[in-house]
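Good morning, colleagues. Please look at the structure on the screen while I go through the pairing of strands and then the helices.

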Amino acid sequence: MSTETTRSSALNWLLPFTSAAKEVDWEALYTEQLPRVYNFFRFRVGEGAVAEDLTSVTFEKAWRFRHRYRRDLSAFSTWLFTIARNVATDYFRRYRKDLSLEEIADQTDGQTPESSAIRRSDFRQLSNFLSRLSNRERELLALKYGSGLTNRAIAKITGLSESNVGTIMHRTILDLRAQWQVKE
Amino acid sequence: MEDKFLYEFQEAPRPEFAKSLLARLSEQSASGPVPARSSFSLWRTPVLAPLSVLVVSAILLTFPSVRAAAQHFLDLFRIQRFAAVSINPARLQQLEQLREGKIDFQALLSRNIQVLKEPGKPIIVDDPRVAEQIAGIPVRLPNSLPNGITQAEIRVQDGGAVRFIADTAKLQELLDLLGIMDVQAPQQLNGTTVTVNIPPVVSALFAKGKTEIMLMQSRSPEISLPQGVYLPQIVEIVLRIAGLSSDEAQKFAYSIDWHSTLLVPVPADAASFHEVDVHGNTGLLIESNYSRGRNPSVLLWSEGGIVYALSGGIRSFELLEMANSL
């Protein structure tokens with residue numbers, strides 16, 4: 001067992017309430033994090049109004065509970081994406097139980113007027129592939145390729161080990177890549 | 001692996017959407033900012049967390065490979081109440097051999113254990129508000145439960161208190177038995193009285209079939225020590241007993257403020273652990289090395305002056321989701 005790791009865990013477990021609250025520049029964080037959260041949901045549920053709605057819910061929750069976030073800024077995205085994951089989980093639990101894979105893929109309605117038709121078509125195809133993945137595989141891909149998080153950050157958010165994240169991701173990408181090449 | 005094509009699907013949110021959401025958030029702010037909580041001061045007092053020691057005891061006892069030895073080893077920790085420690089499997093085996101040789105660890109480390117207050121039997125309540133009234137803490141329950149799992153019951157157990165007196169001669173005897181010859185039990189500790197107060201604990205049980213999840217919450221317990229007790233010295237001895245080398249134990253013991261730090265014991269061969277985020281707080285997730293369901297994973301964290309322990313034979317991410325839905 002690594003003593004450094006053990007010490008760090010124990011310290012960090014108890015320290016949060018000894019450090020004074022820090023002022024957070026929410027507007028700057030909003031600007032930085034909005035595209036990441038929005039793309040997380042695009043990869044999770046497809047683009048369009050649903051992705052925007054879930055992004056809104058995430059930020060509104062984060063804002064409501066912002067007093068809980070008052071530690072180092074580097075942990076902010078971890079906290080925000082924990083909320084985003086819960087929002088996605090709630091969404092799937094409440095609204096998506098009865099939808100078929102085709103229906104899920106069909107919800108990628110391409111409501112971004114600036115996107116080209118080809119790009120929308122490609123993303124629709126990608127969403128179709130993503131909808132065939134397991135919930136966990138799709139979530140990991142959304143965190144990495146939608147939100148641009150590192151495997152380490154994803155491991156922290158999901159509770160999986162970093163190597164486990166890498167392994168699942170590698171396997172999933174190989175499958176996805178193969179499907180994409182067949183499509184091309 | 002060619003994965004760059006996936007990044008190319010990222011897209012900026014519509015400016016109208018970004019602007020309108022920011023406006024809504026700003027309105028929320030104008031309608032009433034949430035006050036920042038004051039810095040919590042309890043951790044600055046001589047406080048450790050016997051609750052967690054109890055929780056970790058429970059964890060350990062579920063691991064077949066360490067159950068018998070852990071029982072006695074943890075009794076020892078309960079008596080000390082100073083710190084938890086990583087458990088070296090080889091040392092655990094050595095302690096087990098000593099135990100089989102009829103060595104009474106409990107008697108080795110202290111005398112005059114006095115129960116000041118019995119914790120009493122747990123009371124089952126129907127309503128979390130009743131638990132709040134009894135325990136004197138805000139009781140939080142998860143909004144998100146893994147599939148099919150439902151709340152089974154809530155129990156409240158009153159707090160307890162014990163006092164004991166350290167016996168360094170017996171501590172030295174244990175060190176000698178373990179072959180730790182370069183550490184001397186500090187004589188100034190002899191006769192030191194330690195009082196441990198454990199606040200009421202609320203335990204919520206969730207279940208589906210044989211799968212059970214337990215959420216425990218309590219204010220932080222308090223340990224009162226006489227002035228002049230130098231905790232790093234004691235911690236160093238505990239770490240040596242647990243199997244750390246002299247260098248490791250010293251580096252560890254003297255780099256942490258033990259008045260505010262709890263080190264959680266994890267048997268290295270039975271479980272792994274890592275940091276996780278719970279509501280923006282760093283928690284400790286201890287995952288059993290055994291298969292799902294046979295032994296529980298445990299998530300420990302502290303929030304708002306309350307210590308939480310969530311354990312169950314479910315997947316780690318489900319535990320995290322539960323914790324974050326409180």
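Strand β3 of chain B pairs with strand β6 (residues 201-208) of chain B in the antiparallel sense, over seven bridges. Helices (H or I, at least four residues) and strands (E, at least two) are DSSP runs, numbered from the N terminus, and two strands pair if DSSP finds at least two bridges between them. Within this pairing, B:V156 has B:V202 in β6(B) as its bridge partner.

This is a predicted model, in which local features need pLDDT of at least 70, side-chain atom pairs count only at pLDDT 80 or more, and totals for chains, interfaces and linings use all residues. Residues are numbered from 1 along each chain as its sequence is written, while chains are lettered from A and ligands numbered from 1 in the order in which they are written.

Strand β3 (residues 150-157) of chain B also pairs with strand β2 (residues 123-125) of chain B, again antiparallel, over three bridges. There, B:I124 is bridged to B:R155 of β3(B).

I turn to chain A. Chain A has nine helices and zero strands. Of its 184 residues, 39% count as buried, that is, with 20 or more other C-beta atoms, placed from the backbone, within 10 Å of their own.

Which residues of α3(A) are buried? They are A:V50, A:A51, A:E52, A:L54, A:T55, A:T58, A:F59 and A:A62.

Methods
Buried ≥ 20, exposed ≤ 12 C-beta atoms within 10 Å, placed from the backbone.
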